[in-house]
Amino acid sequence: ELITGPLPSFAGAFKLWYLDASNNDLTGPIPQNFMTNSVFKSDEVTVYLTNNEITGTIPSRLSQFERMDINLVGNKIEKIPDELCTIDGWMQGNVKEVGGCNAILCPEATFNQFGKESSGNPCLPCSHLGG
């Protein structure tokens, strides 16, 4: 059964370090206080929210996490704050390796099979599809 409605903040989940809510019907923006009280600020934190209906801007407060792997492919994210695109430990180090926001999500009008750039898998213009 699908989980529907807004994404909870999980602000009270102090020991949450892994969340997989992919392939549901979560809607609206990621709450500004999403996981804000987690004790794992410098540990690897994994959040899978793939293939939902999440919209808006990724909260800049997530910059409190030094090593986050957040998968938002298949949503309607409109903006990634610049400060998230400079955290070397994000996306298993791909933010540092790729050099920016493309390691979190391919920008609008671009794509690749993973929805985010990694070494050897760039985000390509949709015109590349030849449609």
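Strands here are DSSP runs of E with at least two residues, and helices are runs of H or I with at least four, numbered from the N terminus. By that numbering, S7 gives the most to the lining of the largest pocket, with three residues. The model is predicted, so local features need pLDDT of at least 70 and side-chain atom pairs count only at pLDDT 80 or more, while totals for chains, interfaces and linings use all residues. Residues are numbered from 1 along each chain as its sequence is written, and side-chain values use heavy atoms, with hydrogens and water left out.

- Three bridges pair S3 with S5 in the parallel sense.
- Gly-28 has Ile-54 in S5 as its bridge partner.

- Strand S4 (residues 44-48) is joined to S6 by five bridges, and the two run parallel.
- S2 and S4 also pair in the parallel sense, over three bridges.
- Tyr-48 in S4 stands opposite Asp-20, and the bridge partner of Tyr-48 in S6 is Asn-71.

**Aromatic pairs**

- A pair of aromatic rings is described by the distance of the centres and the angle of the planes.
- Three aromatic pairs are found in the whole structure; rings of Phe, Tyr and Trp (its six-membered ring) pair if their centres lie within 6.5 Å, and planes under 30 degrees apart count as stacked, over 60 as edge-to-face and the rest as tilted.
- Phe-10 and Phe-34 have ring centres 6.2 Å apart and planes at 85°, so the pair is edge-to-face.
- Phe-10 lies in the loop between strand S1 (4-6) and S2, and Phe-34 in the loop between strand S3 (25-29) and S4, so the pair ties together parts that are 24 residues apart in sequence.
- Phe-34 is buried at 1% relative accessible area, whereas Phe-10 is partly exposed at 27%; buried means under 20% relative accessible area, exposed over 50%, and partly exposed in between (1.4 Å probe, protein chains only).
- Trp-17, Tyr-18 and Tyr-48 are linked into a cluster by ring pairs.

**Salt bridges**

- The structure holds two salt bridges, each defined by a side-chain nitrogen of Lys or Arg within 4 Å of a carboxyl oxygen of Asp or Glu.
- One joins the side chains of Glu-44 and Arg-67, at 3.5 Å from N to O.
- Glu-44 lies in strand S4 and Arg-67 in strand S6, so this pair ties together parts that are 23 residues apart in sequence.
- Glu-44 is partly exposed at 24% relative accessibility, and Arg-67 is partly exposed at 35%.
- Another joins the side chains of Lys-76 and Glu-53, at 2.9 Å from N to O.
- Lys-76 lies in strand S7 (residues 76-79) and Glu-53 in strand S5 (residues 53-57), so this pair ties together parts that are 23 residues apart in sequence.
- Lys-76 is partly exposed at 48%, and Glu-53 is partly exposed at 33%.

**Largest pocket**

- The volume of the largest pocket is about 380 Å³; grid points are joined across faces, edges and corners, and a volume is the space filled by probe spheres set on the points.
- On a 1 Å grid over the protein atoms alone, a pocket is an open set of points where a 1.4 Å probe fits, with protein on both sides within 12 Å along at least five of seven lines, and lining residues have an atom within 4 Å of a point.
- The largest pocket is lined by 18 residues, of which Ile-77, Leu-105, Cys-106, Pro-107 and Glu-108 are the closest to its centre.
- S7 and strand S8 (110-111) each supply at least two residues of this lining.

How values were computed
Two strands pair if DSSP finds at least two bridges between them.
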